Amino acid sequence: MTSENTPVRFDTKIAVLLRQDLESWQRLNVTAFLVSGLGSELPEVIGEPYADADGTPYLPMFRQPVLVFEGTKETLTAAHERALSRSLPLSVFTSDLFATGNDRDNRAAVRAVPKDQLDLVGLAVYGPRNAVDKALKGARMHP
């Protein structure tokens with residue numbers, strides 16, 4: 001039997017991995033873009049809509065925490081390969097996307113580069129906790 005005070009444990013994990021050399025504004029921007037892909041394609045990660053005590057409705061958010069990590073360029077490349085090999089849902093942000101201004105150009109910039117040559121500055125991944133942990137091996141929690 002569970003009570004309202006019992007902590008909720010998730011067997012899945014939502015994680016963002018950012019390249020450690022990004023400026024603060026870039027970290028925030030990249031994180032926002034990356035997680036938007038997870039919510040749009042994986043409805044199970046989204047909770048119920050919110051409402052305040054006055055009944056004002058608000059949009060639903062993720063049903064679980066989003067953990068943010070950082071690592072070197074090499075760490076991102078390795079995490080990307082491991083996530084793909086485990087067939088984990090994945091979104092990517094490359095350095096080229098800082099020079100574009102819309103979704104069409106973003107998609108074209110990623111499509112123009114083979115996966116093993118992407119200049120990754122961030123990725124978001126979702127899946128079983130153990131698989132995500134293995135994919136992000138070598139990354140550390142964002143300070």
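Which residues form a nonpolar patch on the surface, and how much accessible area do they have together?

Author: The nonpolar patch on the surface is formed by Y50, Y58 and M61, which together have about 330 Å² of accessible area. A patch here is made of residues with over 30% relative accessible area and no salt bridge, with like charges joined within 9 Å and nonpolar side chains (Val, Leu, Ile, Met, Phe, Trp, Tyr) joined within 5 Å. Accessible areas come from the Shrake-Rupley method with a 1.4 Å probe, and for residues only the protein chains shown count as cover. Of these residues, Y58 is found in strand β3, residues 57-58, and Y58 counts as partly exposed because its relative accessibility is 43%. Buried means under 20% relative accessible area, exposed means over 50%, and partly exposed lies in between (1.4 Å probe, protein chains only).

A word on the basis of these values. This is a predicted model, in which local features need pLDDT of at least 70 and side-chain atom pairs count only at pLDDT 80 or more, while totals for chains, interfaces and linings use all residues. Residues are numbered from 1 along each chain as its sequence is written, and side-chain values use heavy atoms, with hydrogens and water left out.

Helices (H or I, at least four residues) and strands (E, at least two) are DSSP runs, numbered from the N terminus. The C-alpha atoms fill a box of roughly 50 × 35 × 30 Å along the principal axes, and buried residues make up 34% of the 143 residues. The protein exposes about 9000 Å², of which carbon and sulfur atoms supply 54%. Among contacts (heavy atoms within 4.5 Å) between residues at least 6 apart in sequence, 74% join residues at least 24 apart.

Turning to the strands, β1 (residues 12-19) and β4 (residues 66-71) pair in the parallel sense over six bridges, where pairing requires that DSSP finds at least two bridges between two strands. L17 stands opposite F69 in β4, and F69 in turn stands opposite M141 in β7. Strand β4 is joined to β7 (residues 140-141) by two bridges, and these strands run antiparallel.

Within strand β1 lies I14, which counts as buried because its relative accessibility is 0%. Not counting residues up to four places away in sequence, I14 touches L38, V45, F62, Q64, P65, V66, L67, V125 and Y126.

The charged pairs come next. The structure holds eight salt bridges, a salt bridge being a side-chain nitrogen of Lys or Arg within 4 Å of a carboxyl oxygen of Asp or Glu. K13 forms one of them with D133, with the closest N and O atoms 2.3 Å apart. K13 lies in strand β1 and D133 in helix α4 (residues 129-135), so this pair ties together parts that are 120 residues apart in sequence. K13 is buried, with a relative accessible area of 10%, whereas D133 is partly exposed at 36%.

Another salt bridge links E70 and R140, whose closest N and O atoms are 3.4 Å apart. Because E70 lies in strand β4 and R140 in strand β7, the pair ties together parts that are 70 residues apart in sequence. E70 counts as buried at 8% relative accessibility, while R140 counts as partly exposed at 42%.

The side chain of E70 also makes a polar contact with the side chain of R27, at 3.0 Å. A polar contact is a pair of N or O atoms within 3.5 Å; within protein, one must be able to donate a hydrogen and the other to accept it, and residues adjacent in sequence count only if both atoms are side-chain atoms. R27 lies in helix α1, residues 24-41, and counts as buried at 14% relative accessibility. Leaving aside neighbours within four places in sequence, R27 is in contact with L18, R19, Q20, D21, L22, E70 and H142.

Finally, D103 forms a salt bridge with R107, the closest N and O atoms being 2.9 Å apart. Both residues lie in helix α3 (residues 103-111), four residues apart, about one turn of the helix, and R107 is partly exposed at 47% relative accessible area. Elsewhere, salt bridges that share partners join R19, D21, K73 and D119 into one network.
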